[in-house]
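Please look over the sequence and the model together before reading on.

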Amino acid sequence: MRATTRLLATLKPARYLEPNSPTGLTGLFTHPTPRSTLLYLYSATLDKLQSMPESCVYRQSTEALTKHRLQIVESVKPPGYETWLAKINKEMETHPEVFKSSGPQAGRSQKISHHGRTFVATELREPPDEREEEWDGEHVGPPELEGTRTSAERAGQKNLAHDEYEASKTVEWDPEPLLEASQIAELENQIGAGLIEEVIEVAEGELKLADVIAQNRVWEDLEEKPAEGQWTYFERGTHMPQTQSP
């Protein structure tokens, strides 16, 4: 059914699925990079689960399912993946100055590590539109003087130019090779949770849920202890008491 839905949406068989094309499900379009996206989401979720105690039932169940699906996704590699990975690793070693370990800057890349894996994220910011900016009340002083500057005034110019040059450095990254349509179908069959785009949506929701559970520390005891027998009716093997009608 899943393969038929996507086939009817594209109307033509192809080696690769066209990114952002209809999947056959309303409002859901073909994801351009499903493999790398799932690897990141699953790795980030496993890292978040580490903050919970091992006795936490949510951690136990979610960790088992996430590891299982992560193993499935890792086992399916697109054609040319090893060659691409070797090239990327070489670029990272050749241009270490391009990466930052803290928040990304305009036009620069950031290394992100999750569950023993390294991911590269690049944040591209468009130049601000002055027409959309509002005056914040800052005092606007007189314009700077033109002409030759004194030695004291020129002291910081060298460092400023160097910082601007470093910030402008970028590396052109080749995108990860695409999975073939047959490989995506294989993933969908092994995971058994609908289209790969549906699996991604579930993984995104799970990562958000894990963050909420970690913040609220739901594994801890309640501040107000429940009354004795309060949850008895909801235990397995018990029944609600029958009331006799008059």
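The structure is a predicted model, in which local features need pLDDT of at least 70 and side-chain atom pairs count only at pLDDT 80 or more, while totals for chains, interfaces and linings use all residues. Residues are numbered from 1 along each chain as its sequence is written, and side-chain values use heavy atoms, with hydrogens and water left out.

The chain contains eight helices and three strands. Both kinds of element are DSSP runs numbered from the N terminus, a helix being H or I over at least four residues and a strand being E over at least two. In sequence order the pattern reads α-α-α-α-β-β-β-α-α-α-α. Of the 246 residues in the chain, 26% are buried. Here buried means under 20% relative accessible area, exposed means over 50%, and partly exposed lies in between, with a 1.4 Å probe and protein chains only.

Helix H3 covers residues 57-75. Its 19 residues reach 28 Å from the first C-alpha to the last, close to the 27 Å expected at 1.5 Å a residue. The expected span of a helix is 1.5 Å times one less than its number of residues. Buried positions in H3 include Tyr58, Arg59, Thr62, Glu63 and Thr66. Arg69, Leu70, Ile72 and Val73 of H3 are buried as well.

Helix H8, residues 196-216, has 21 residues and should span 30 Å; its end C-alpha atoms are 30 Å apart, which agrees. Among the buried residues of H8 are Ile196, Glu197, Val199, Ile200 and Ala203. Ile213, also in helix H8, counts as buried because its relative accessibility is 11%. Ile213 and Met52 are 161 residues apart in sequence, yet their C-alpha atoms are 8.8 Å apart in space. After H8 comes Arg217, which has a positive phi of about 50° although it is not a glycine. With 41% relative accessibility, Arg217 counts as partly exposed.

A second residue with this kind of backbone angle is Asn20, whose phi is positive, about 65°, although Asn20 is not a glycine. Asn20 sits in the loop between helix H1 (2-10) and H2. Its relative accessibility of 56% is why Asn20 counts as exposed.

The next subject is the aromatic rings. A pair of aromatic rings is described by the distance of the centres and the angle of the planes. A search of the whole structure finds one aromatic pair. The rings of Tyr81 and Trp84 have centres 5.8 Å apart and planes at 35°, so the pair is tilted. Under the rule used, rings of Phe, Tyr and Trp (its six-membered ring) pair if their centres lie within 6.5 Å; planes under 30 degrees apart count as stacked, over 60 as edge-to-face and the rest as tilted. Tyr81 and Trp84 are three residues apart in helix H4 (residues 81-94), and are therefore separated by about one helical turn. An α-helix has 3.6 residues a turn, so residues three or four places apart point the same way. Tyr81 is buried at 13% relative accessibility, and Trp84 is buried at 17%. Arg35 lies over the face of Tyr81, 4.7 Å from the ring centre. A charge sits over a ring if NZ of Lys or CZ of Arg is within 6 Å of the ring centre and within 35 degrees of the ring normal.

How many cavities of 30 Å³ or more are there? The count comes to one. A cavity is a set of points, on a 1 Å grid over the protein atoms alone, where a 1.4 Å probe fits but cannot get out; lining residues have an atom within 4 Å of a point. The largest cavity has a volume of about 140 Å³, a volume being the space filled by probe spheres set on the points, which are joined across faces, edges and corners. Its lining has 16 residues, of which Pro32, Thr33, Pro34, Leu178 and Leu179 lie nearest the centre. Helix H2 (residues 34-49) gives the most to this lining, with three residues.

Tyr42 also lies in helix H2, and is buried at 4% relative accessibility. The C-alpha atoms of Tyr42 and Lys67, 25 residues apart along the chain, are separated by 7.6 Å.

Terms used: On a 1 Å grid over the protein atoms alone, a cavity is a set of points where a 1.4 Å probe fits but cannot get out, and a pocket is an open set with protein on both sides within 12 Å along at least five of seven lines; lining residues have an atom within 4 Å of a point.
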